[in-house]
Amino acid sequence: MSDPSNYPGSTDRSLGQLFASATAEMSALVHDEIALAKAEMRQDVKRGVIGSASAIAAGVLLLFSLPVLSFAAAYGIHNLGPGLALSFLAVGGGFILLGGLIGLFGVAKLKKVKPPQKSIASAKQTASVLQGVKPHPRATLAGELDRGGSTLPDKAIENRPVQDKASAVARSST
């Protein structure tokens, strides 16, 4: 029989041609998916960098505003009647009290942290199983020297197959 794709106007393609076309289209699809993923990642990274920079800038501005607000609070208390030194002392005492409360909250949360019980139990179980296993005997360098034999590296050199240059070249060229 003759190949149906040889006739002009024939739309039938052979199995090989169909497979090649499907492979090419699959390859193009994978490349397009990778390109899309890269574009999305670039966009996400760009958004992340902008968001992080904005958060850092906001934190710096809030940090710089703390002394200004502290002075404003101290002068506001001073305007109510007490002396300036007492006003600053009250604001400083308020910060110490607030810091102490936050520190106590943090210590209480840290005391609730417990060691990983499941991991410890699993490690103990593994250790108990491995204690019953006998190690595989291995030749040691000291053991070989005690028996009057050669060392392990010497044995490796002795047992290495001998090759001439011609056979090495013949193997590398095939």
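Visitor: What pattern does the protein chain follow, read along the sequence?
Guide: The pattern is α-α-α-α-α-α, with 6 helices and 0 strands. Helices (H or I, at least four residues) and strands (E, at least two) are DSSP runs, numbered from the N terminus. This is a predicted model, where local features need pLDDT of at least 70 and side-chain atom pairs count only at pLDDT 80 or more, while totals for chains, interfaces and linings use all residues. Residues are numbered from 1 along each chain as its sequence is written, and side-chain values use heavy atoms, with hydrogens and water left out.

Visitor: How much of the chain do buried residues make up?
Guide: Buried residues are 5% of the 174 residues in the protein chain. Buried means under 20% relative accessible area, exposed means over 50%, and partly exposed is in between (1.4 Å probe, protein chains only).

Visitor: OK, helix α1. What should its 65 residues span?
Guide: At 1.5 Å a residue, α1 should span 96 Å, and its end C-alpha atoms are 93 Å apart, which agrees. The expected span is 1.5 Å times one less than the number of residues.

Visitor: Where does α1 bend?
Guide: At L66, by about 30°, and a proline, P67, follows within four residues. The bend at a residue is the angle between axes fitted to the seven residues ending there and the seven starting there. Just after α1, G81 takes a positive phi of about 140°.

Visitor: Which residues in α1 are buried?
Guide: S21, S70 and A74. The buried residues of α1 pack against α2, residues 84-111.

Visitor: Take S70. What is it in contact with?
Guide: Leaving aside neighbours within four places in sequence, S70 is in contact with V91 and F95. Contact means heavy atoms within 4.5 Å. S70 sits in α1, which covers residues 15-79, and has a relative accessible area of 12%, so S70 counts as buried.

Visitor: Different topic. How many salt bridges does the count come to?
Guide: The count comes to 1. A salt bridge is a side-chain nitrogen of Lys or Arg within 4 Å of a carboxyl oxygen of Asp or Glu. Here R47 pairs with D44, and the closest N and O atoms are 3.9 Å apart.

Visitor: How far apart in the helix are R47 and D44?
Guide: Both lie in α1, 3 residues apart, which is about one turn of the helix. An α-helix has 3.6 residues a turn, so residues three or four places apart point the same way.

Visitor: How many aromatic pairs does a search of the whole structure find?
Guide: It finds 2. In one, the rings of F71 and F88 have centres 5.3 Å apart and planes at 75°, so the pair is edge-to-face. F71 lies in helix α1 and F88 in helix α2, so this pair ties together parts that are 17 residues apart in sequence. Another edge-to-face pair is Y75 and F88, at 5.6 Å centre to centre with 85° between the planes.

Visitor: What's the rule for a pair?
Guide: Rings of Phe, Tyr and Trp (its six-membered ring) pair if their centres lie within 6.5 Å; planes under 30 degrees apart count as stacked, over 60 as edge-to-face and the rest as tilted. F71, Y75 and F88 form one aromatic cluster.
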